[in-house]
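Here's a quick tour of the charged and nonpolar spots on this protein. Have a look at the sequence and the model first, then read on.

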Amino acid sequence: MAPIQRQVSSGSDSVPRYALVDERKRKRMISNRESARRSRMRKQKQMEDLVNEVSQLESSNAMLRQNIDASVQRYIEMESANNILRAQAMELTDNLRSLNSVLQIWAEISGLNVEIPEIPDPLMKPWQLPCPMQPAHGFC
């Protein structure tokens, strides 16, 4: 059986029904194509945004690595300087002990009462050392 063609009258024109169905299909197809195009454009924009974000994160990562490397280098330098200062403090403490023993011998021989200060342990933490004089800024 062949499809029956009916005509729908819309005023003075008469358009066959299959023409209206074909027109709807055509409009839907155009709409679908436009929607697919927008979807592709949206995905492309998302991809570009992600690529930009990766680039920024890699750049940030590189800067952080440089900062870490510089900090490690400064730490190594400070540790080396601290080791030198510790060795010097030990040497000065030994010299002070020697001088104190000479003072003690001299005090015994001369009969004078000489006050010999106590020698702090150089390996004590700096915040535990006595602070005999207060500097102008108020810190030890």
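## Glu-23 and its partner

Glu-23 comes out as partly exposed, at a relative accessible area of 29%. Keep in mind that this is a predicted model. Glu-23 pairs up with Arg-26 in a salt bridge, where the closest N and O atoms sit 2.7 Å apart. Both belong to helix α1 and are 3 residues apart, about one turn of the helix. Arg-26 is partly exposed too, because its relative accessibility is 40%, which falls between the 20% and 50% cut-offs.

## The other salt bridges

In total, the structure has 5 salt bridges. One of them joins Asp-49 to Lys-45, with 3.2 Å between the closest N and O atoms. These two are 4 residues apart in helix α1, so about one helical turn separates them. Asp-49 has 38% relative accessible area, so it counts as partly exposed, and Lys-45 is partly exposed at 47%.

Further on, Arg-97 bridges to Asp-94, the closest N and O atoms being 3.7 Å apart. Arg-97 is partly exposed at 43%, and Asp-94 is partly exposed at 43%. There's also a salt-bridge network that links Glu-34, Arg-37 and Arg-38.

## Surface patches

Which residues gather in a patch of positive charge on the surface? They are Arg-17, Arg-24, Lys-25 and Arg-28. Arg-28 sits in helix α1, which covers residues 17-110.

There's a nonpolar surface patch as well, made by Ile-68, Val-72, Tyr-75 and Ile-76 and covering about 410 Å². Val-72 is in helix α1 and is partly exposed, with 44% relative accessibility.

Technical notes: Residues numbered from 1 in each chain as written. Predicted model: local features only at pLDDT ≥ 70, side-chain atom pairs only at ≥ 80, totals over all residues. Heavy atoms only, no water. Patch = residues over 30% accessible without salt bridge, like charges linked within 9 Å, V, L, I, M, F, W, Y side chains within 5 Å. Areas by Shrake-Rupley, 256 points an atom, 1.4 Å probe, with all protein chains shown as cover. Salt bridge = Lys/Arg side-chain N within 4 Å of Asp/Glu carboxyl O. Lys, Arg positive; Asp, Glu negative; His and termini not counted. Charge placed at Lys NZ, Arg CZ, Asp CG, Glu CD. Buried < 20%, exposed > 50% of the residue type's maximum accessible area, 1.4 Å probe, protein only.
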